Amino acid sequence: MNEMDPLSWLPVHTDLGAAIGEARRASAAPTRLAAAMRLAGFRRDFTLTGRLDRLAAEELDRIATRMATAPAGLTPVRIALLASHTVDHLVPSIRVAGLCRGVAAAVHVAPYGLYRQALLGADPALDAFAPQLVVLALDAHDSRLQVTLDASEAEVDDAVQQRVAELRRLWKAARERYSARVVQQTLVPVDLPLFGAFDGLVPGSPLAVTERLNAALRAAARAEGVLLLDLAWQVARQPFGAGVGEPVRWHQAKQLVSPALAPWYGELLARIAAGAVGRSRKCLVLDLDNTLWGGVVGDDGVDGIRLGQGTPIGEAFSAFQAYVQALAKRGVILAVCSKNDATVAEAGFAHPEMTLRRGDIAAFVANWEDKASNLRAIARTLNIGLDSLVFVDDNPAERDIVRRELPEVAVPELPDDVAEYAARLAASGYFEAVSFTSDDASRGRSYALNAERAASLSHATDLDGYLRGLDMTLAASPVDAAALPRVTQLINKTNQFNLTTRRYTEAEVERLASDPAVVALALRLSDKFGDNGLISVVIARPDGALAGDELLIDSWLMSCRVLGRQVEEATLGALIAAASRLGAVALIGEYRPSGRNAMVAAHYERLGFSSRPAPSDAEAGATFWRLDIGGAALPPHFIKVVST
Amino acid sequence: MNETQILEALTQVFRDVFDDDDIVLTAATTAQDVEGWDSQAHVNLIVAAEMRFGVRFRTAELESLHDVGQFARLIESKQRGA
């Protein structure tokens, strides 16, 4: 139970080995996978992780080859590892970590060291695998830059840029061949100092060269929309000693990562894969007493809780609050779930040393109900799934109950010392991001405004009056370069209000948006409380299975924070306007059930579409809908629509 | 731990690494006798044994670990020295 354990946030099982042995006896592969999903959430070394992988393997392989469908809670992802160091021993850990993160990972390992050939030459096995994520797992031993120890800074820069240009060609190949998202691993500094501290002042020293190369890689990755597996940073701050870049493992088996740290590496990669398919968590739910402040506000009074400057414990709680607030500023939604009288809990926020403000909290639940029910209520209030929640509570009994009642909720173990809370939350990686937009930065404010809107609703006498009073404006504009990152982000992380759950890379969205036969709309909503930002995307395109004057609504998705505001109705109007400009006479709607989007099953029916048969090439379970543009009686709404 | 106790504990390490409860080890067991004991599994065995017994094998010692008896004797001598 300390930070020396690479999976410190996972709870300890009383006898995980025996539980795996028990689960192995189940004859049905889906049952064994379900057991592996449950048991993967416990603290495990690489041996136990390997056994869990074998438990899940048969069904994971069947899912990868489409002989079976993934269970609810897992999204299939095909990951290709192209490496300059041995990675075969890391595969079980990647797949098992995937089970913890909502990902059914299929992992393909390209032949050792042949990452260039795999992407630039012919690799039929990789073609057949058709990766969605291509991971370039490189190390500092590989392709040493040809610079002498006395090279000038300019010479080193030159060599670095050449190497980065080569990698950019590989990234481009991965994107063009497979439409894959690329993940570039940064180089772990494995060289020893030659001069001592003076290495940092010698541009050509191996350590300095690696550092410069990593900096250039990060800059290039940012420019190209490539994700990072930033192993160099992870290793720099990992406190559990050797295990990466151990000479003995390198000499023995060209392993950059020791088997002992395989579960940790698997976690780092699986959380990126999860983020790429919209499986990262969105909301941090916090207990109050002894989690956000020291003491029990109901017993000790507002003046008695420990918080702020002056005492080590008070400063430690303030530091944790500061970290939580920083998470909110990057887009994590905050909620409170506390066993307290509501007025007492609210009073705690009036403490003069509080860093967090009441306005930072999007959903505030303080009562004496059980926490599982309250977490359900929080998810409902925020219109997000239980699988988007991370629950942080200092009380082990509460954590245990929530894990048992709501296995979808992530519940990290907390260390005994509050000074370690923030580091533990960071290590757990539940909020791994694959993008950051200005919308993320203002999300907390947006949810707080929602709370004000809800209050305004309870004052209004009728719903129509409330909606009319919001003075809403919907701006519909073609997806342009400026909107591209946020549009791509919404496409890849929206789960509930998403009619087809088609995921696209930025390059694919750009291709669709620039096609004159395609309608690709970005929708922004503002109201009298403020700007909600870019909250919805609609893509409609011609389809070979349909008539030439029909447009298929390929994608329609919306952020759940503007649900119940008639945005769908207003969006339909904007879509029809854009479609008729292209000469279309009918819109064809498609609903593909994903296990997470049941809320929009009746979306097209509600908007006045009529049911029609599915085209022959449609996905099983999908329903299709038709709306004649000319004769459509559009559903009423109270939103002013501005099309540009 | 004496050699018998080490052999017993080592058997459990092998069973865990190969996820096979039927593995029975003797001092003479070699890679040929255990299905899946390839070079990658060999590294796994070494690291798992290091973690189980709290010892570290030196690079020079890795080449001498051809049968289970050598494994057990090396662990025993390291524990005695520790």
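Mentor: Start with helix 11 of chain A: its 15 residues should span 21 Å at 1.5 Å a residue, and its end C-alpha atoms are 21 Å apart, which agrees. The expected span is 1.5 Å times one less than the number of residues. Helices (H or I, at least four residues) and strands (E, at least two) are DSSP runs, numbered from the N terminus.

A word on the source. This is a predicted model, in which local features need pLDDT of at least 70, side-chain atom pairs count only at pLDDT 80 or more, and totals for chains, interfaces and linings use all residues. Residues are numbered from 1 along each chain as its sequence is written, while chains are lettered from A and ligands numbered from 1 in the order in which they are written.

Back to the helix. Helix 11 of chain A covers residues 262–276. Of its 15 residues, 15 are buried. Buried means 20 or more other C-beta atoms within 10 Å of a residue's own; exposed means 12 or fewer, and partly exposed lies in between, with C-beta atoms placed from the backbone. Just after the helix, Gly278(A) takes a positive phi of about 75°.

In chain A, five strands form an open sheet in the order 2-1-3-4-5, with parallel pairing. Two strands pair if DSSP finds at least two bridges between them. Strand 2 (103–109) and strand 5 (227–229) of chain A stand at the edges; each has a single partner strand, so one side of each is left without a neighbour in the sheet. From one strand to the next, the twist averages 25°. Strand 4 (residues 181–185) and strand 5 of chain A share three bridges, in the parallel sense. Val183(A), for one, stands opposite Leu227(A) in strand 5 of chain A.

Next, the core. The largest nonpolar core has 110 residues, and Ile79(A), Leu82(A), Val135(A) and Ala273(A) have the most contacts inside it. Such a core is a set of buried Ala, Val, Leu, Ile, Met, Phe, Trp, Tyr and Cys residues joined through C-beta atoms within 7 Å. Helix 11 of chain A gives the largest share of this core, 10 residues. Another core lies apart from it, with 101 residues, among them Ile333(A), Val418(A), Val479(A) and Phe609(A).

Take Val135(A) up close. Leaving aside neighbours within four places in sequence, its contacts include Ile79(A), Leu82(A), Val183(A), Leu229(A) and Leu269(A). Contact means that the C-beta atoms of two residues, placed from the backbone, lie within 7 Å.

Most residues other than glycine have a negative phi. Asn383(A), not a glycine, has a positive phi of about 55°. Asn383(A) sits in the loop between helix 15 (371–382) and strand 9 (389–392) of chain A. Asn383(A) is partly exposed, with 17 other C-beta atoms within 10 Å. Asp19(B), also not a glycine, has a positive phi of about 50°. Asp19(B) lies in the loop between helix 1 and helix 2 of chain B. Asp19(B) has 19 C-beta neighbours inside 10 Å and counts as partly exposed.

Terms used: Axes fitted to C-alpha atoms, helices over the stretch in contact; angles between N-to-C directions.
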